[in-house]
Amino acid sequence: MNTAQKLPTGQIEHISGQALCLPGDDIDTDRIIPARFLKCITFSGLGQYAFYDERYDKAGQPLAHPLNDRPQASIIVAGANFGCGSSREHAPQALLYHGIRGILALSFAEIFAGNCNTLGIACLSLSFPDQQAIFAALTSNPAELIEIDIAAGTVTLGELQLQASIPQSMQGALLAGSWDPLQELLEAKDLVLEKGQTLPYWRSFQHN
Amino acid sequence: MPKNCFEKVWQSHEVKKLWNGQSQLQIGLHLIHEVTSPQAFGMIRDRGLSVACPERTFATIDHIIPTKNLQLGYEDAMAEEMVKSLEQNCKEYNIKYFGPKSGSQGIVHVIGPELGLTQPGMTVACGDSHTSTHGAFGSIAFGIGTSQVRDVLASQTLALSKPKVRLIDIQGQLGKGVYAKDLILHIIAKLGVNGGIGYAYEYAGASIEALSMEERMTICNMSIEGGARVGYISPDQKTYEYIRGRPYAPKEADWARALEYWNSTATESSASFDDEVHFAASEIEPTVTWGINPGQSSGINGQVPELKDLEGSAKASLEEALSYMKLSPGQNLRGTKIEVAFIGSCTNGRLSDLQEVASQLDNHKVAAGIKALIVPGSMEVKRQAEALGLHEKFLEAGFEWREPGCSMCLAMNPDKLIGDQLCASSSNRNFKGRQGSSTGRTMLMSPLMVAAAAIKGEVADAREVFSL
Ligand code: SF4
């Protein structure tokens, strides 16, 4: 667990680091962060609870789990529909505070990927053979560094160079450092007021 | 060109195109609750921002509220702090708060429609993935993360990529004892839990038209379980009748204007879609999940799948599901012993769900040793149910009758499974650990099927148990 860590800021062109493998499809956000840890009013303490029920036994003793075995890893390699289930941003926030900066998966659940985008966690999709190739390479050398090139959409580890895919909107946002959209949304303030005039229901909720 | 409802609402709410190709979409109704909003308020405070349209944001508490006597207060200090934080934020930013004292508290997706806040042709956002529920009214509703809750608070807009639209057409009528829940579980099983990624689902066809508004909400609610972030039903007369007269419904002259607008947002005949799928309602049986995602289900007369025909990752994921669920390949679903029965949630915690169950309970008792609980979706549902005397039938049959909230749907409050208890549940998720115990097991089904399981102590066909 990396506690005193730097969160992503600005332009993100490369992500490199060790990786951990989470095989299996449909890893849902209840597994990434069990509901009882949603009781918080800030996100910063969540890193220690990522995948908690799989990482610790009932007595709180650590189990063999990729997050425990490779605490320094900053990249996750996973299966299909990663992050499905609840929209809780606690899930990507827990991964972020655990130190995760990039996720390579066969596919992503949409709300989860959007949440990651806003936090500056890159989500790239892999083909099945490429995912298997990474799993195999990491099985023989678990400490192998992975390098993700956001502009090229490539993933390199050792001899392997693989092409991954990333939605254009996410790629552009990471490269430009504008993955947090709020500033741009706020700039349209006047347009929002005008839009309100055109929507027949906009003035309908008056407080009693 | 004739357009579908999604296309029209998206267009009329698009503020501008963002430089990355996404759209900035204006949000007509923002609902917030205690779990995903406190951090968002923290973020706007940190950046020195305020709430752009407090009059279009409404708050309630649902996820962590205890469902036993509220007078006793919270056993859990953190839960109490989250509620206090929500109350404080609502006060500070002048946001209408439907707490327990208002008499209108309840699960956010139950109270939005109940108060008449959810309306056709509106965009809706809430920091909860079941926001798709509001799509039952022909609104386009998005489940969002906390940073996006921040975006809506600060700007009343969201940055979104436009999804494609898939028509899900269901012809024919559902058989006796077959409900909206069975229909949506069937759709999810057929299209897959990730089949809807990148899509908004429009549900249509004779069997959807025949559903009540509450049943339509059950359908739209579980769109996200099929991977679709948005699910909706084009508005019709039933939609308007449901809204009429509710506290936030348009009144008098506004009503006629609203109707005109609502009608103009409906899907036009021969509108085109990016994709279409067709189902026959007559194929659908009471449906039960046996696995650890909502797509792993079968009709009540079915079996847990066999491993032998599978290989690779399909086989591995079935093995994982069965070892977690402690079920064997080929095992009949009927007769699976349960320990807990839960009726409630934003999927099936509305008045009509409770009425359907109550109407069948005469001369039936919950089997010995089964913990069975019924949790109304809102204070209003509770009042109406009690006015009809439904609670007496529940209590007499051996069910507990609780205060409104999310309760055992996600077990953030004290209602939790213990150890590897197996729960027949009317909620929407059967993920590992979902109901509060890391080894707890969930089988999803309709409320009446949950009642049948509670009475028999095992998964059973409600049509036989209640001689439907
Ligand atoms: S009832 Fe369940 S699914 Fe619905 S809002 Fe509450 S926790 Fe979420």
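In what order do the seven strands of the open sheet in chain A stand? In this predicted model, the order is β4-β3-β2-β1-β5-β6-β7, and the pairing is mixed. At the edges of this sheet stand β4 and β7 (160-163) of chain A. Each of these two strands has a single partner strand, so one side of each is left without a neighbour in the sheet. Neighbouring strands of the sheet are turned against each other by 30° on average, direction ignored. Within the sheet, strand β2 (residues 75-78) of chain A runs parallel to strand β3 (residues 102-105) of chain A, and three bridges join the two. One residue pair can be followed in the structure: A:Ile76 has A:Ile103 in β3(A) as its bridge partner.

Chain B contains an open sheet of three strands, with the order β1-β2-β8 and antiparallel pairing. The edge strands are β1 (14-17) and β8 (157-160) of chain B, and each of them pairs on one side only. The twist from one strand to the next averages 25°. Strand β2 (residues 23-26) of chain B is paired with β8(B) in the antiparallel sense, over four bridges. Here B:Gln24 has B:Ala159 in β8(B) as its bridge partner.

Strand β8 of chain B also takes part in the lining of the largest pocket, where it supplies at least two residues. The volume of this pocket is about 710 Å³. Its lining consists of 37 residues, and those nearest the centre are A:Glu110, A:Ala113, A:Gly114, B:Gln22 and B:Ser161. Besides β8 of chain B, the elements that each supply at least two lining residues are α5 (110-119), β4 (122-125) and α7 (168-176) of chain A, and α5 (146-155) of chain B. The greatest contribution to the lining comes from α5(A), with five residues. By class, the lining of the largest pocket has 19 nonpolar, 13 polar and five charged residues.

Rolling a probe the size of a water molecule over the atoms shows where empty space is left. A search of the whole structure finds three cavities of 30 Å³ or more. The largest cavity has a volume of about 210 Å³, and the space taken by the ligand is this cavity. It is lined by 22 residues, of which B:His63, B:Asp128, B:His130, B:Leu410 and B:Arg434 lie nearest its centre. The lining of the largest cavity divides into seven nonpolar, 11 polar and four charged residues.

The residues that surround the ligand are B:His63, B:Ile107, B:His109, B:Asp128, B:His130, B:Ser345, B:Cys346, B:Cys406, B:Cys409, B:Leu410, B:Asn428 and B:Arg434. This shell has five nonpolar, five polar and two charged residues.

The second largest cavity holds about 160 Å³ of space. Its lining has 23 residues, and nearest the centre lie A:Cys84, A:Gly85, A:Ala109, B:Ile224 and B:Gly227. Helix α5(A) gives the most to the lining of the second largest cavity, with four residues, and gives the most to the lining of the largest pocket as well. The lining of the second largest cavity is made up of nine nonpolar, nine polar and five charged residues.

Methods: Residues numbered from 1 in each chain as written. Chains lettered and ligands numbered in written order. Predicted model: local features only at pLDDT ≥ 70, side-chain atom pairs only at ≥ 80, totals over all residues. Heavy atoms only, no water. Near = heavy atom within 4 Å. 1 Å grid on protein atoms, 1.4 Å probe; cavity = no way out; pocket = protein on both sides within 12 Å on 5 of 7 lines; lining within 4 Å. Sits in = over half its atoms within 2 Å of the grid points. Nonpolar A, V, L, I, M, F, W, Y, C, P; charged D, E, K, R; others polar. Pairing = 2+ DSSP bridges. Axes fitted to C-alpha atoms, helices over the stretch in contact; angles between N-to-C directions. Points joined across faces, edges and corners; volume = space filled by probe spheres on them.
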